[in-house]
Amino acid sequence: VRSVLVDASCQQYADERMLKRAPAEVGILTGRRTSSKDFVLQFIATPEEEEGHGAVRVVGGRSGKSSSSLEFDTEWISEHACQLGRILPGGLCVLGVYVFCESGAFQGSQSALAGLLAQIENTMILGKKDMVNLIVHVDAGRGVLSAKEKDGAGSMLKPCDLKNSSLLTEMVEIQCLYPLNVRVDICSDKSLLCDLINELVTYEVEQRVSKAVPLFHGQIPESQESMIHDMKREGFDHIPLEFLIPISRYGIPAVGVKKAHKRELSGTYYSKGQFTLTGNMECRAYVFNREKVDDTISAIKEDIESSLRSRLEVLIEAAEMATEAMEQQQPRTSNKDSKSSDVSRKHPLLDTIGHVGAYEPQFPQRAFLKWKIGACTYCDYIVQGDGVSEALHRVRELVGPGRVDARTFHCSEKILDSIGASGKGASNNKPARGVLERLLS
């Protein structure tokens, strides 16, 4: 039987919902997973849709009767879980879902819950592909918590051993700066560009991150040491980590078309130039203060991969939005100038007409916002034109207004401000990016 520890704040939230006689509710479980236990740190309610519809409703009978069951908006809940996965630093992940409802409705929804977990797991972004298999039921009548896990790919739910504990105060923050300097081909095929970006992340993880040697205060630690608890006890508010990263003898790593492209394209294909990504990525991970060094290193390396992948996704999203904004101005242009206008109204990463040449986009900067309780943080990625208010709005949209404090906003990646665009087609447009934009459209 798998052991599940739930932070005391989750039980407090459950009691509040019970006393208010709140309607049925579904949300996401976030926390930390180890080989033997799940640690649930937060219940995060899935927000209502734009039309005001909730993500779950009771059907088939009156609440509390055995004939009743739950009907879920699986697409909405899955997208919420996916977006939450993006704002969670290393060491933390989406564990599953919680459901606040009467026991009869919960018992009548076992198959639907298993399907919901499978849908969430399929939706999660690469780099956050943890097993999403945990369900916590909050009994709406008594406020009692119970847990079940999905058994593999089937629809069977097995009971877990659930206990309440004080977890948030036991978390420790690990920090490091990871230097990035890579080049990627720009091409006229968008799907191929996405393949190249995935190839870049794979290369960076396999050739550099996985081979990097960790240093704690200038020393290589023993893999099974548990020094984190001692360092925390000595008054450190976070644990600084450095990596000795192998240097490529071929110079700056470049991901090109020939290496990543493994399928035939119809029509003519040519490389339109390269874009370069340079800067220091601020990475963070959260572990329990008695975990071994090996687990700590794995958590921060996981964050390097997921942060790099998220930044590249945000970069493409921003390019798409900039292109859409520029194309909306197209009717203002006469037919005589349409060809030249097409070039100028495309973002350099998505320009399918002109030759881009050398291009250095502004790498999305990472900002952090602390949870109201404990040391953990959420993160968001800021593109050109964004600021504190936009980042705060996006995070609050996902987790709720009362879980973060604007005064804790932190973004130290100022070195990236100097990275500008060069080459034909560089744009001064300032796109805004919405967190649930795809769903709210």
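Here is a short walk through the structure, from the overall chain to its salt bridges and one of its pockets.

Let's begin with the whole chain, remembering that this is a predicted model. It contains 11 helices and 19 strands. Of its 441 residues, 52% count as buried. If you look at contacts between residues with a separation of 6 or more, 77% of them come from residues 24 or more positions apart.

The average pLDDT over the chain is 79, and 75% of the residues score at least 70. Residues 257-269 have a pLDDT below 50, and beyond near neighbours in sequence this stretch has 19 contacts in the model. The pLDDT also stays under 50 over residues 415-441, where the model has 72 contacts beyond four places in sequence. Where pLDDT is low, the predicted coordinates should not be read in detail.

Now for the charged side chains. Start at Arg17, which pairs with Glu25; their closest N and O atoms are 2.9 Å apart. Both Arg17 and Glu25 are buried.

From there, move to Arg32, whose side chain meets that of Glu291 in a salt bridge at 2.7 Å, N to O. Arg32 sits in strand E2 (residues 25-33), while Glu291 belongs to the loop between strand E16 (271-288) and helix H8 (293-327), so this pair ties together parts that are 259 residues apart in sequence. Here too both partners, Arg32 and Glu291, are buried.

Glu204 and Arg208 both lie in helix H5 (residues 190-209), four residues apart, which is about one turn of the helix. Their closest N and O atoms are 2.5 Å apart. Why does Glu204 count as buried? Its relative accessibility is 1%, and buried means under 20%. Arg208 is buried as well, because its relative accessible area is 15%, under that 20% limit. Elsewhere, salt bridges that share partners join Arg2, Arg33 and Asp38 into one network.

Ser109 counts as buried because its relative accessibility is 2%. Leaving aside residues up to four places away in sequence, Ser109 touches Ser69 and Leu70.

Finally, let's turn to the second largest pocket, which has a volume of about 460 Å³. Which residues lie nearest its centre? They are Tyr13, Phe43, Val399, Gly402 and Arg403, out of 23 residues that line the pocket. Helix H1 (8-19), strand E3 (37-45) and helix H10 (388-399) each supply at least two residues of this lining. By residue class, the lining of the second largest pocket divides into 13 nonpolar, five polar and five charged residues.

Methods. Residues are numbered from 1 along each chain as its sequence is written. This is a predicted model: local features need pLDDT of at least 70, side-chain atom pairs count only at pLDDT 80 or more; totals for chains, interfaces and linings use all residues. Side-chain values use heavy atoms; hydrogens and water are left out. On a 1 Å grid over the protein atoms alone, a cavity is a set of points where a 1.4 Å probe fits but cannot get out, and a pocket is an open set with protein on both sides within 12 Å along at least five of seven lines; lining residues have an atom within 4 Å of a point. Grid points are joined across faces, edges and corners, and a volume is the space filled by probe spheres set on the points. Ala, Val, Leu, Ile, Met, Phe, Trp, Tyr, Cys and Pro count as nonpolar, Asp, Glu, Lys and Arg as charged, and the others, Gly among them, as polar. Buried means under 20% relative accessible area, exposed over 50%, partly exposed in between (1.4 Å probe, protein chains only). Contact means heavy atoms within 4.5 Å. pLDDT is the predictor's confidence in each residue, from 0 to 100. A salt bridge is a side-chain nitrogen of Lys or Arg within 4 Å of a carboxyl oxygen of Asp or Glu.
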